[in-house]
Amino acid sequence: MARELVTGNHAAGNALALAGEANRNARGCCAGAYPITPQTEIIEYLRAFEFSKGSVIAVESEHSAMGVCIGASLAGGRSFTASSSNGLAYMVENVYAAGYYRLPIVMIAVNRTLGPPWNIWVDQGDSLMLRDAPWLQFYCDSHQDLVDTILLSFRVAEDPRVMLPALVAMDGFVTSHTQMVVNLPEQEKVDAFLPKCNVPHRLRHDHPTTVGGLTWPRETEHHRIEIQQAMDRVPEVLTEAIAEFQEVFGRKPAGTLVAEQTEDADTVIVACNTMARTLKNVIAERRAKGERIGMIRAKMFRPFPRSDFAAAIGSAKRVGVLDRNHSPGSGGIFWQEIATTLRGRSDVLLQDYLVGLGGGDVTPTVINEIIDDLVKRKESSEPVWKEVAA
Amino acid sequence: MGGEAMIEITICGRGGQGGVTLAKLIATTYFLRGKYVQAFGVYAAERSGAPLQAFVRVDDDEITNHNQVREPDHIVVLDRTLIVPGIASAMKTNGWVIINSPDPPESHQEHFAGMRVATVDATSIAVKSGLGTRAVPIVNTTMSGAIAKVFDLPIDDLLAGMEHLQFGGANATSAREAFDSVQTATLSGKVEHIERVPTNGEVPGLLDPDLGGMPKIRTGSWATRKPERQRLTPPCNHGCPAGNDVRGFVEAVGKEDYDQALGILLETSPLPGICGRVCPAPCMDACNRSEYDESVNIREIERYAADHGTLPTPTAPWREENVAVIGSGPAGLSASYHLAKLGYHVNLFEGEKELGGVLRTGIPEYRLPRDVLGREISFILQHGVKAHSGCFLSRGDLLALTHKYAAVFAATGLRDSRTINLGGGDSKSVFQGIDFLDRVRISGVRLDGKSVIVIGGGNTAIDAARSALRVGAHHVEIVYRRTLDQMPAIREEIKEAIDEGIKIHELVSPIRLDDNGARPTLICQRMKLGEEDESGRPRPIADTSEDAQFNMGCDCVILALGQTQDVSILPEGSEISDGQALLGLSGAPLFAGGDFATNEGTVTAAIGSGRKAALHIHRTLSGEDLFPQPSEPVAAPDKITMHIFSHEDRRDGGMIDAHDRRRSFTEVRVGYRDNPAEHPAVDEAQRCFSCGVCNSCDRCLEYCPEGVLLRDADGYSFDYGYCKGCGVCATECPRGVIFMSQL
């Protein structure tokens, strides 16, 4: 593997291109591409890449970018794209269509705050806007996690037991524009890891059909149930994929979540993406001082791994959630999901903290202040806004 | 650094200096030495020149910290102007402050007492090597040399990093020069910790009307250009012989302010209703819009303004001086009006029974209705002008006037018609065009059933031909020795004549009239085009081929070959100087103008000439110079960003159908007709580009990425403290008002 110093966007573009190229002996690959800050470098990378069999089509909008992906995937090709923020919002209709068509498209979401007012910095509100779409969702904390997760996503999304699209998220700028050292895999290994893409319901000349026509309520219900069942099979498929990944690449990527020092913890903090890396440093410092504290890095958001969270939280008495997103009128979205996980657990104090919204720099100091608040609590409250200095 | 703690570097620079690339270069150099590294910038809405920070982390282990660097080990300053009190306060002990500065480290004592400081004149080195410009030097690679030296990095390691990033040539030599020339020192004194005041102030709410737009960024001294405003002369104004502010009145019509439009016209011309009908409109030939689709229909807009605006209350004379004006054509009327407005008592002498001169005698009623003429003359007279009609003056009378009046202006127009000898002496079948028009007007001459040939190509020829139709002629033809497109007559008039059934024979010259038979015959010669003559047009020469002569039967011939001045009224030996003043007289100053002096042949030129005479007379009598100041350069088509405008066809005014009008003296053109859904005059006026004159369109303000344009009484001003000189406003100004100047 090549050890390289690249940006997160470069790493993501590279992984997408490797995956696309890996299908060159099957039906090739095709992507619809439209740029938006901070995702633009991914589009530039893909447009500059010379695929043996496939193409990246520059279109006039995100909506059309996903339209191209739907068409390409319905034709049986491996398909992928990337977007951010309001671009993702503009894409939404076709994002849902891609999922309900059961097309194994992989999309990178470079997390950026939804405007207006305009803001280009990180906030998970854009990809979490798609939480009710029939898509898998993964959140990455580092360049390496990003590369590995993109490759895993193709594998899981295209698995006949799943056959659903997958979204892979990273932090805008903090990951996308930061140069970090990363191992970029060779094409042969990616070829070995990713089987040929086979979309079973792809359109064929020899068997003309149409897709997406009218269905009655009974059929629709049935299709929804099928999607839920496909979602339910994801953890098992993911586990298998990770095992094979390790065999091919000699490295074990994270699964649904990463629990750190939770076994004997009274207090557990949940976070995702780079905020979880900062959190890990804070936890290590507090552990060193004798605190019984652990953390969970949330990685897979859809399907939401409730049982894995329940197991990781274990007998902890306090759970704090750091949400870099905001569902107006409710609170943090990860917090809502964990609340459903902890239903019936009246012994656990669950507290939400809304922090780093709009790209604020969440420093160890900020996280320590949050933990200090949590450990002093006798009872939970409505989500707490933890404002971060500019 | 083997086994040492992580090092963190903060780079302070400005957008465009390459700070983020420098971070990447430092990181790459350490990466190639086997370290874990991290490099990133703090991104904002990208602004060239805006202060920005970039960071580097280097460690032996994987770097898990993704926060901005708060307490750097070292600080790199790419631009000295970014040094503020406390810039290095959070720096760890024993770090380096590496500054792009031509001065030695000690000169930075004020901000870095007790610290280790390195300086290098990276700007000079970079500029010398062609990396950027002195205004915007790209100093990143040069600074990397100084950094390598200070960090004890072998220069070859740095050059390897550069090669990895494909930097070579000037970048490498500059880095090497900086490596060799960086000066270091530990400054005396103690490190002073200055608490930097947090900038988190009150945040205005989303519903706060003062939330405003983008946060402004002070550009201080680093902008290299600044936008400025100018006013150029619109080509229409430049092209108007009467001196009208054409753009101004068109803009007023576009805003549906017809009173203002008429007021602007009356500043320079008392005859807008007439010009709006009969002017050849050189303004329209000059209009920049003709480079894009079609010129703005300025003549129709002027007519609309004159017919729909309210005339202002006339002023009365307030000065003591009396001025005589001879001739009530457009020049005399214009001079009378402007003199009266300047306060003079004006006595206007006219040889004919009614005022108007050529406006009345030379322009047929179907082009210029008498009520319009009457209305405008009456407005002029309301300024206290005393008219004396039927008062034909001789040379002696003129001399007498110079002793009675403070000044005299003569504008008697053209009275001698040019003629050609068609043989056979004075034939009863031959008329002079101007006489014919006069007879049509006064005596109601009829040509019922007759065949008429008109000779000539000017407006009089067209007027005579069309008038002949209207007094009953059965058949009217025009012969002209040059080509149709060389006819000096107004284009539209030629087209209207053809539409009315008048046949025009181009490249035909009459030789003689055979008036001896039962019916006159005009013997004609076909012509062809030869070399250019003194007028720049190809000279018509006789076609020598066999059948090049032919006969045209007719009942009468009208000659319309132009007119010349009759200067018999002028004192012998007098000389027209400067187009106006007459020399060699003993009495009051005498001025001449209009066609009489200039023979320019248009109403608009005569109006301009009359106004100039009035200003001359005023200057002579009062010493006050009211002549327009030398104007700004003309807004050429390349100053106009035409693609910003959508293509739109010109709107023409209405016209009576050719069949209905050819026997009638009712006005042919009816102008713009409003209806509840359409105001064609307003729509047409809005096609105006407003070349070279700000019309507060707001485009500059809307496009300014920094929000530093402010509306003020003059249109807009620039907040230079926050302007970065990007030039977007100048690029976006559709009319050439904003330009960029170097600072």
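## A covered strand in chain B

Strand β5 of chain B, residues 96–100, is mostly covered, with 5 of its 5 residues buried. The model described here is a predicted one. Burial applies to both faces of β5(B). On one side lie Trp96(B), Ile98(B) and Asn100(B), and on the other Val97(B) and Ile99(B), every one of them buried.

## Strand partners of β5(B)

β5(B) is joined to strand β4 of chain B, residues 74–77, by 3 bridges, and these two strands run parallel. Within this pairing, Val76(B) has Ile98(B) as its bridge partner.

β5(B) also pairs with strand β6 of chain B, residues 116–120. The sense is again parallel, and the β5(B)–β6(B) pairing extends over 5 bridges. Here Ile98(B) stands opposite Ala118(B) of β6(B).

## Contact between the chains

Between the two chains, 19 residues of chain B are in contact with 18 residues of chain A. On the chain B side, the elements that give two or more residues are α1 (19–31) and β2 (36–41). Of the contributions to this side, that of β2(B) is the most, at 6 residues. By class, the chain B side holds 8 nonpolar, 10 polar and 1 charged residues.

## Arg302 of chain A

Arg302(A) belongs to strand β12 of chain A, which covers residues 300–302. Arg302(A) counts as buried because it has 22 C-beta neighbours inside 10 Å, where the cut-off for burial is 20 or more.

What is Arg302(A) in contact with, leaving aside its neighbours within four places in sequence? The contacts are Arg131(A), Trp135(A), Leu136(A) and Gln137(A). Asp132(A) is 170 residues from Arg302(A) along the chain, and the C-alpha atoms of these two residues are separated by 9.0 Å.

Technical notes
Residues are numbered from 1 along each chain as its sequence is written. Chains are lettered from A and ligands numbered from 1 in the order in which they are written. This is a predicted model: local features need pLDDT of at least 70, side-chain atom pairs count only at pLDDT 80 or more; totals for chains, interfaces and linings use all residues. Two residues are in contact if their C-beta atoms, placed from the backbone, lie within 7 Å. Helices (H or I, at least four residues) and strands (E, at least two) are DSSP runs, numbered from the N terminus. Ala, Val, Leu, Ile, Met, Phe, Trp, Tyr, Cys and Pro count as nonpolar, Asp, Glu, Lys and Arg as charged, and the others, Gly among them, as polar. A residue is buried if 20 or more other C-beta atoms lie within 10 Å of its own, exposed if 12 or fewer, and partly exposed in between; C-beta atoms are placed from the backbone. Two strands pair if DSSP finds at least two bridges between them.
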